[in-house]
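Me: I have a structure open and would like to go through a few parts of it. Can we start with the pockets?

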Amino acid sequence: MPTVQVTDLKDGDFLLDVREDDEWQAGHAEGALHIPISEFVARYGELTEAAPQDGRVHVICRSGGRSAQVTMYLVQQGVDAVNVDGGMHHWEQTGRTVVTDEGKPGFVL
């Protein structure tokens with residue numbers, strides 16, 4: 001499974017958050033695309049429209065399990081996708097910004 005560390009991510013990297021709505025609303029990475037894993041297959045077109053044509057999709061969830069499933073699916077579809085190891089828990093622990101939809105400080109649920 002292709003995997004990267006949170007610390008490997010750079011500003012501007014495309015990030016797909018597959019956590020559920022309540023987790024997203026509590027706090028998320030600014031600029032991430034949110035498609036819950038429970039809706040992923042039905043909303044797959046949103047990803048193909050938003051993702052950079054020849055860029056990598058960095059998939060994140062709370063700790064890495066759900067994002068690993070989505071990463072494997074995307075790789076099978078021929079998408080350059082990687083799982084973000086440790087997920088949003090590690091994101092928050094490394095001091096990366098977590099925000100709400102209103103742009104206020106958030107937290108990882």
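Me: Which residues line the second largest pocket?
Reply: This is a predicted model. In it, the second largest pocket is lined by Tyr 44, Leu 47, Thr 48, Ala 51, Pro 52, Gln 53, Gly 55, Val 57, Gly 78, Val 79 and Asp 80.

Me: Which helix gives the most to that lining?
Reply: That is α2, with three residues.

Me: How many of the lining residues of the second largest pocket are nonpolar, polar and charged?
Reply: Six are nonpolar, four are polar and one is charged.

Me: And what volume does the second largest pocket have?
Reply: About 170 Å³. The largest pocket has about 250 Å³.

Me: Then on to α3. How many residues does α3 have, and how far does α3 reach?
Reply: Helix α3 covers residues 65–76, which is 12 residues. From the first C-alpha to the last, α3 reaches 17 Å, close to the 16 Å expected at 1.5 Å a residue.

Me: Which residues of α3 are buried?
Reply: Ser 67, Ala 68, Val 70, Thr 71 and Leu 74.

Me: Why are they on the same side of α3?
Reply: Because they cover an arc of only 165 degrees around the axis. In general, an α-helix has 3.6 residues a turn, so residues three or four places apart point the same way.

Me: What do the buried residues of α3 pack against?
Reply: They pack against β2 (14–17), α2 (44–50), β4 (57–60) and β5 (81–85).

Me: And which exposed residues are on the face turned away from the buried side of α3?
Reply: Gln 69 and Gln 76.

Me: Different topic. Where does Thr 100 lie?
Reply: In the segment after α4 (87–93).

Me: Is Thr 100 buried or exposed?
Reply: Thr 100 counts as buried because its relative accessibility is 13%, and the cut-off for buried is under 20%.

Me: What does Thr 100 touch?
Reply: Leaving out residues up to four places away in sequence, Thr 100 touches Gln 25, Ala 26, His 28, Pro 105 and Gly 106.

How values were computed. Residues are numbered from 1 along each chain as its sequence is written. This is a predicted model: local features need pLDDT of at least 70, side-chain atom pairs count only at pLDDT 80 or more; totals for chains, interfaces and linings use all residues. Side-chain values use heavy atoms; hydrogens and water are left out. Helices (H or I, at least four residues) and strands (E, at least two) are DSSP runs, numbered from the N terminus. The expected span of a helix is 1.5 Å times one less than its number of residues. Buried means under 20% relative accessible area, exposed over 50%, partly exposed in between (1.4 Å probe, protein chains only). The arc is that of the directions from the helix axis to the C-beta atoms. Contact means heavy atoms within 4.5 Å. On a 1 Å grid over the protein atoms alone, a cavity is a set of points where a 1.4 Å probe fits but cannot get out, and a pocket is an open set with protein on both sides within 12 Å along at least five of seven lines; lining residues have an atom within 4 Å of a point. Grid points are joined across faces, edges and corners, and a volume is the space filled by probe spheres set on the points. Ala, Val, Leu, Ile, Met, Phe, Trp, Tyr, Cys and Pro count as nonpolar, Asp, Glu, Lys and Arg as charged, and the others, Gly among them, as polar.
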